[in-house]
Number of protein chains: 2
Amino acid sequence: MLTELLRNYRDRVEDQLQSRLSERSGLEPRLQDAMRYSLLNGGKRMRPALVYLATRFCRGSLEQADTAACAIEAIHSYSLVHDDLPAMDDDELRRGKPTCHIAFDEATAILAGDALLTWAFELLSQPDSTITAQIQLQMVQALARAAGDLGMVDGQAFDLNSVGKQLTLVQLKAMHSAKTGALINVALELGALSAEATEAETEALRQYGTALGLAFQIKDDLLDIEGDTATLGKPQGSDQARNKPTYPALVGVEQCRAWLIELQQEAVTVLEPFGSRSQALVALAQYVIDRDH
Amino acid sequence: MLTELLRNYRDRVEDQLQSRLSERSGLEPRLQDAMRYSLLNGGKRMRPALVYLATRFCRGSLEQADTAACAIEAIHSYSLVHDDLPAMDDDELRRGKPTCHIAFDEATAILAGDALLTWAFELLSQPDSTITAQIQLQMVQALARAAGDLGMVDGQAFDLNSVGKQLTLVQLKAMHSAKTGALINVALELGALSAEATEAETEALRQYGTALGLAFQIKDDLLDIEGDTATLGKPQGSDQARNKPTYPALVGVEQCRAWLIELQQEAVTVLEPFGSRSQALVALAQYVIDRDH
């Protein structure tokens with residue numbers, strides 16, 4: 001049932017992205033191609049799904065959340081394009097396909113990333129009859145804070161500079177909270193905003209998102225050790241090979257598995273007061289720790 | 001008198017940028033340092049000045065325009081950091097100082113650019129008691145459209161792919177209109193928005209900006225031929241050396257000089273109906289074609 005819901009949300013945001021991108025045309029078709037290539041590459045669309053799930057949890061409509069779903073995927077997509085660059089993680093493969101700078105070239109990849117990042121804010125600020133200007137503005141603010149030098153970019157910078165260094169657990173958690181947690185949390189926040197959520201709903205989603213984000217990262221680290229290259233779409237063991245700090249390296253694989261279960265329970269507990277509305281989010285927390293890629 | 005005004009506006013936006021940046025802190029001080037280095041590097045602050053000039057032209061207050069002035073400089077600054085990267089223009093010198101990726105490293109420069117770009121939208125969406133949410137949202141929209149794949153990034157992509165190619169005058173104008181013109185125009189538009197300008201004021205500023213932007217670029221091309229390295233802060237003749245398409249290469253130096261005078265007259269003519277209010281903008285149009293760097 002969750003699988004079908006996630007597939008529906010994935011298809012929905014893909015349709016939205018396709019049609020919104022197809023309306024665009026600039027001087028340089030190669031730039032548009034690179035944006036399209038990076039955005040429509042068969043990703044899981046986890047962050048848009050979080051937007052939709054949060055909207056539905058808060059009794060909002062999917063229509064109100066479409067723009068936010070597209071915007072957050074544009075941000076996620078830009079971050080992957082820039083992270084893969086030679087000066088950054090230097091990855092040639094992403095989801096089993098050549099990364100943007102390999103399929104195109106490095107300059108085009110830098111610019112496509114810049115364009116996707118900028119597009120996210122263009123989307124969120126477009127005239128929208130389904131939500132108020134005040135809420136749209138709050139969405140822009142939330143996304144900018146989560147994505148920029150107080151959030152994702154900060155985490156990425158810290159990550160790059162900690163390769164080969166021994167981090168404490170506190171530092172590693174802070175890094176991931178910025179690098180991946182901020183975007184997961186803001187996905188839920190955007191969904192809540194689009195539905196004009198109550199304080200209680202927003203706060204529950206915040207706590208849920210923090211647990212979910214940490215679980216997501218721990219699971220990623222475990223998959224890097226345990227998964228295989230074909231399923232992951234990237235070379236297995238690539239974090240280890242680069243001597244990147246990971247949770248399993250710091251606390252051990254067994255401790256990580258126990259931690260995942262704790263986090264899943266925490267995520268479920270904060271949603272309990274909301275009864276059956278939280279069903280899909282509860283199932284998602286289970287899915288995040290069970291997935292094999 | 002214009003020189004003093006521009007100095008005041010420059011000092012004003014520098015103070016604003018300094019204080020707004022100093023409030024920030026993330027996990028990675030190196031990222032903050034790179035942002036500060038790139039943003040506070042002694043630029044002319046032409047785009048913030050345009051915001052302030054447009055605001056004053058429309059009888060707005062400078063306070064209402066401060067945030068927009070900072071945001072547009074953040075965008076300009078990010079674009080320079082990314083343009084200078086090895087995969088792009090590969091410049092080691094900017095205003096006589098090492099470029100960001102030389103002073104820091106390439107990964108940090110990519111991230112600092114991303115962070116500055118994102119910060120611009122964070123700034124524009126911050127709670128602001130001096131302007132309405134509706135106008136703030138319009139500012140976000142205008143800046144995103146001017147900066148992204150329909151504007152500056154598109155122009156930069158087209159520019160990179162036209163090195164060594166023979167462009168027509170129409171193509172060259174379209175490229176510069178996207179690459180530098182869009183940001184100049186949106187600076188004036190942000191100033192107009194902050195002052196809740198009339199349609200007539202906004203339209204006059206749009207026409208003025210288009211003439212000014214083209215004049216700015218033609219003058220830049222001329223300076224690349226005629227200026228010297230010390231005054232320009234970059235190697236003289238660098239466009240020629242890279243076989244970049246330029247206006248002088250296409251229509252000749254003499255024709256460019258005549259064109260500059262025509263554009264300056266055009267810029268002045270559209271402002272005439274507004275009388276003495278347009279004095280500073282008129283003087284600026286003269287300054288743009290007279291400058292030696």
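In this predicted model, helix H4(B) passes helix H6(B) in a left-handed crossing. The two helices pack with their axes 8 Å apart, at an angle of about 160°. Since an angle over 145 degrees counts as roughly antiparallel, H4(B) and H6(B) are therefore roughly antiparallel to each other.

The residues that meet at this crossing can be named on both sides. H4(B) contributes Thr67(B), Ala68(B), Cys70(B), Ala71(B), Ala74(B), Ile75(B), Ser77(B), Tyr78(B), Val81(B) and His82(B). Facing them in H6(B) are Ala109(B), Ala112(B), Gly113(B), Leu116(B), Leu117(B), Trp119(B), Ala120(B), Leu123(B) and Leu124(B). By class, the residues of this contact comprise 15 nonpolar, 4 polar and no charged.

A further element of chain B is helix H8, which spans residues 152-162. Of its 11 residues, 9 are buried, so helix H8 of chain B is largely enclosed by the rest of the structure. The buried residues are Met152(B), Val153(B), Asp154(B), Gly155(B), Gln156(B), Ala157(B), Phe158(B), Asp159(B) and Leu160(B). Their packing partners come from both chains: H2 and H6 of chain A, together with helix H4 (62-83), helix H7 (133-147) and helix H9 (169-194) of chain B. Just after H8(B), Gly164(B) adopts a positive phi of about 85°.

The relation between the chains follows. Chain A is superposed on chain B by a rotation of 180° with 0.0 Å of shift along its axis, and the RMSD is 0.0 Å. The two copies are thus related as by a two-fold rotation axis.

Where the chains meet, 49 residues of chain A are in contact with 49 residues of chain B. On the side of chain A that touches chain B, the elements giving two or more residues are helix H2 (29-39), helix H6 (106-124), helix H7 (133-147), helix H8 (152-162) and helix H9 (169-194) of chain A. H6(A) supplies the largest share of that side, 12 residues.

| Class | Residues on the side of chain A that touches chain B |
|---|---|
| Nonpolar | 26 residues |
| Polar | 14 residues |

Definitions and conventions
Residues are numbered from 1 along each chain as its sequence is written. Chains are lettered from A and ligands numbered from 1 in the order in which they are written. This is a predicted model: local features need pLDDT of at least 70, side-chain atom pairs count only at pLDDT 80 or more; totals for chains, interfaces and linings use all residues. Copies are superposed by least squares on the C-alpha atoms of residues with pLDDT of at least 70 in both. Two residues are in contact if their C-beta atoms, placed from the backbone, lie within 7 Å. Helices (H or I, at least four residues) and strands (E, at least two) are DSSP runs, numbered from the N terminus. Ala, Val, Leu, Ile, Met, Phe, Trp, Tyr, Cys and Pro count as nonpolar, Asp, Glu, Lys and Arg as charged, and the others, Gly among them, as polar. A residue is buried if 20 or more other C-beta atoms lie within 10 Å of its own, exposed if 12 or fewer, and partly exposed in between; C-beta atoms are placed from the backbone. Axes are lines fitted to C-alpha atoms, for helices over the stretch in contact, and angles run from 0 to 180 degrees between N-to-C directions. Angles under 35 degrees count as roughly parallel, over 145 as roughly antiparallel, 65 to 115 as roughly perpendicular and the rest as oblique. A crossing is left-handed if the near helix is turned anticlockwise from the far one by less than a right angle, and right-handed if clockwise.
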